[in-house]
Amino acid sequence: MPSSSVSGVDRRLFLTSALGAVAGVAGLSGCVGSAAAGSEGASTAPLAAKVPAGTSLKIASYQNAQQLQLRLAKLGDPPFEVSSWLNIGAGPDVINAFRSGSLDLANNAGIPPIQAYYQGFDAKIVAINITRKPNYLFATKPGSDIRTVADFKGRRLAFSQGQAQGVVLLRALKKAGLKYDDVELVPLTSNQFLTALQSGQVDIAPLANSQAPAYLTQYEGKGARTIPTDVVDLLSLLWAPVSVLNDKAKAAAVAAYIPYWAKGQVWAYEHPDVWNREFYVKTQNLSLAQAEAITELANKPLFPPSWREAIEWEQETADLLAEGGFVKKFDVGELFDHRFEGIAAKAVSAEYRR
């Protein structure tokens with residue numbers, strides 16, 4: 001039986017080891033219920049109608065995509081200063097940046113806020129984009145005979161607990177009827193997945209749709225392949241530390257930024273030819289054919305006026321992690337700041353509301 005498949009104390013040791021490799025955070029066990037989300041006393045004060053002069057935010061923009069969207073969409077400058085755009089995207093890295101005070105607002109999937117809660121860090125979700133199509137697929141190492149998720153049994157799987165890729169993997173295993181002790185979960189961060197595949201450290205890694213074309217170009221001739229999954233990672237979201245949201249000026253700036261975030265994604269979806277050329281080809285060094293293959297799989301942005309479905313999905317995700325012994329069970333309602341609910345939906349046309 002693989003060591004990563006056991007529960008109880010060994011599972012907790014695996015969690016601590018994985019998070020040590022991922023985030024460099026110590027002392028995580030037993031956090032929920034003591035230093036969990038809300039310990040600072042999240043503000044319920046109404047949001048200011050205007051951003052005070054001199055307000056600034058430090059915003060994550062992985063691969064510089066968000067400010068590029070704003071520029072190409074000609075949305076103008078937000079009514080506050082962006083003191084820095086940080087090229088940061090992985091959930092564990094975002095949590096570390098939040099902790100250090102070097103980041104105020106980030107775009108992630110649903111699992112990083114759960115991970116932050118389990119670590120005892122106070123942060124809240126302020127905007128939701130629903131994704132209906134898979135953003136990830138599974139890639140095999142070169143020379144692999146794996147062709148279906150059922151073939152994952154007994155194999156080494158790249159697993160990042162604090163990122164969307166981890167939840168996609170767990171949901172796919174559950175759907176295939178595989179238990180955690182049927183596989184070996186190898187704790188890595190997503191930016192280590194490609195190297196782990198190339199070296200044969202793992203048999204399978206979940207890759208973003210945007211990563212797969214380049215990987216196949218290099219390794220398909222050596223026996224690597226991709227295995228599609230219909231498992232969807234439902235949430236793309238904006239979130240921020242409670243300390244930021246308790247600052248009235250910064251909270252107003254966050255609220256003012258949400259429409260820019262939503263409109264930028266709508267613009268990129270409606271202008272795939274420009275986005276392919278300006279982002280994937282010019283900044284990511286992909287061929288136009290590779291870029292087109294990615295955008296063909298792109299999700300239509302959907303910003304729900306109500307967060308009910310998002311909360312239900314987030315609870316299912318947290319419960320799935322709890323079932324595996326990765327976190328303790330908790331009510332994910334703690335993670336949402338409802339003062340911001342509906343702001344994104346109001347910023348877009350009815351076609352992009354859910």
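A: Start with helix α3, residues 91-100, which lies across β3 and β10. Its direction is at about 20° to β10. This is a predicted model, and every value here is computed from it.

β3 and β10 belong to an open sheet of three strands, ordered β3-β10-β4. The pairing is antiparallel. β3 (106-109) and β4 (123-130) are the edge strands, each pairing on one side only. From one strand to the next, the twist averages 35°. β10 covers residues 235-241 and is joined to β4 by seven bridges.

Next, helix α2. β1 (residues 56-60) pairs with β2 (residues 81-86) in the parallel sense, over five bridges. S56 has E81 as its bridge partner in β2. Between the two strands the chain passes through α2, residues 65-72, and this β-α-β crossover is right-handed.

α2 also packs on other helices. Two packed helices are described by the angle between their axes and the distance between the axes.

Take α10 (residues 272-281). Its angle to α2 is about 140°, and the axes are 11 Å apart. Angles over 145 degrees would count as roughly antiparallel, so α2 is oblique to α10. The crossing of α2 past α10 is right-handed. On the α2 side, the contact residues are A65, L68, Q69 and L72. They meet W275, E278 and F279 of α10. By class, this contact has five nonpolar residues, one polar and one charged.

Then α9 (residues 248-270). Here the axes come within 9 Å of α2 and cross at roughly 80°. The range 65 to 115 degrees counts as roughly perpendicular, which means α2 is roughly perpendicular to α9. From α2, the residues in contact are Q66, Q69, L70 and L72. From α9 come Y257, Y260, W261, G264, Q265, W267 and A268.

In short, α2 links β1 to β2, is oblique to α10 and is roughly perpendicular to α9.

Note on methods:
Residues numbered from 1 in each chain as written. Predicted model: local features only at pLDDT ≥ 70, side-chain atom pairs only at ≥ 80, totals over all residues. Heavy atoms only, no water. Pairing = 2+ DSSP bridges. Helix = DSSP H or I, 4+ residues; strand = E, 2+ residues; numbered from the N terminus. Right-handed = clockwise from strand over helix to strand, strands pointing away. Axes fitted to C-alpha atoms, helices over the stretch in contact; angles between N-to-C directions. Contact = heavy atoms within 4.5 Å. Parallel < 35°, antiparallel > 145°, perpendicular 65-115°, else oblique. Left-handed = near helix turned anticlockwise from the far one by under 90°. Nonpolar A, V, L, I, M, F, W, Y, C, P; charged D, E, K, R; others polar.
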